Amino acid sequence: MIIQIILTAICASLFFNTIHKLHIQWGINFKPFSCTSCLAAWVAVILYFTPELVLNVASVLFISGLLTPLIETLMEKLY
């Protein structure tokens, strides 16, 4: 469960900050929202105290949301 929390927090942070830059679009361009590692740490703390169902849903959402553009880019480079 701890590994799942860590991976989900990292993926959520990268999803919000690196891929979509939502902290700029939403006007919350300050720490912890603008710092990828800060956001990952706070998301991990929040996920640690959430029910397992919420953790599982967040894991599926953010891990697939991060892996999809990476795999798409890889496929475009291969073909």
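User: Where is lysine 21 found?

Analyst: Lysine 21 sits in the loop between H1 and H2. This is a predicted model, so every value here is computed from it.

User: Let me step back to the fold. How many helices and strands does the chain have?

Analyst: There are 4 helices and 0 strands. Along the sequence, the pattern reads α-α-α-α. The C-alpha atoms fill a box of roughly 45 × 30 × 15 Å along the principal axes. The chain has 79 residues, and 28% of them are buried. Now look at contacts with a separation of 6 or more. Of these, 61% link residues 24 or more positions apart.

User: How do I check the length of a helix? What should the 13 residues of H3 span?

Analyst: Count 1.5 Å a residue, using one less than the number of residues. For the 13 residues of H3, that gives 18 Å.

User: Next, the faces of a helix. Which residues of H3 are buried?

Analyst: General idea first. An α-helix has 3.6 residues a turn, so residues three or four places apart point the same way. In H3, the buried residues are Leu39, Ala40, Val43, Ala44 and Leu47. Seen down the axis of H3, they fall within an arc of 135°, so they line one face of the helix. Trp42 and Ile46 are exposed on the other side of H3.

User: What covers the buried residues of H3?

Analyst: The cover includes H1 and H4. Take leucine 47 as one example. Leaving out residues up to four places away in sequence, leucine 47 touches Ile5, Thr8, Ala9, Leu55 and Ala58.

User: On to the core. Which residues touch the most other members of the largest nonpolar core?

Analyst: Ile5, Val43, Leu47 and Phe62 do, in a core of 13 residues. H1, helix H3 (36-48) and H4 each supply at least two residues of this core. H1 gives the largest share, with 5 residues.

User: How do I read aromatic pairs? How many are there?

Analyst: The count is 6. Compare ring centres, then ring planes. Take phenylalanine 15 and phenylalanine 62. Their ring centres are 5.7 Å apart and their planes meet at 65°, so the pair is edge-to-face. The cut-off for that class is over 60 degrees. Phenylalanine 15 lies in helix H1 and phenylalanine 62 in helix H4 (residues 52-78), so the pair ties together parts 47 residues apart in sequence. Phenylalanine 15 counts as buried at 17% relative accessibility. Phenylalanine 62 counts as buried at 14%.

User: What about the rings of phenylalanine 30 and phenylalanine 33: how far apart are their centres?

Analyst: Their centres are 5.6 Å apart, with the planes at 85°, so this pair is edge-to-face too. Phenylalanine 30 is partly exposed at 44% relative accessible area. Phenylalanine 33 is partly exposed at 33%.

User: Which residues do ring pairs link into a cluster?

Analyst: Phe15, Phe16, Trp26 and Phe62 form that cluster.

User: Which residues does asparagine 17 touch, not counting residues up to four places away in sequence?

Analyst: Asparagine 17 touches His23, Phe33, Ser34, Cys35, Thr36 and Leu39.

Methods:
Residues are numbered from 1 along each chain as its sequence is written. This is a predicted model: local features need pLDDT of at least 70, side-chain atom pairs count only at pLDDT 80 or more; totals for chains, interfaces and linings use all residues. Side-chain values use heavy atoms; hydrogens and water are left out. Contact means heavy atoms within 4.5 Å. Rings of Phe, Tyr and Trp (its six-membered ring) pair if their centres lie within 6.5 Å; planes under 30 degrees apart count as stacked, over 60 as edge-to-face and the rest as tilted. Buried means under 20% relative accessible area, exposed over 50%, partly exposed in between (1.4 Å probe, protein chains only). A nonpolar core is a set of buried Ala, Val, Leu, Ile, Met, Phe, Trp, Tyr and Cys residues joined through side-chain atoms within 4.5 Å. The arc is that of the directions from the helix axis to the C-beta atoms.
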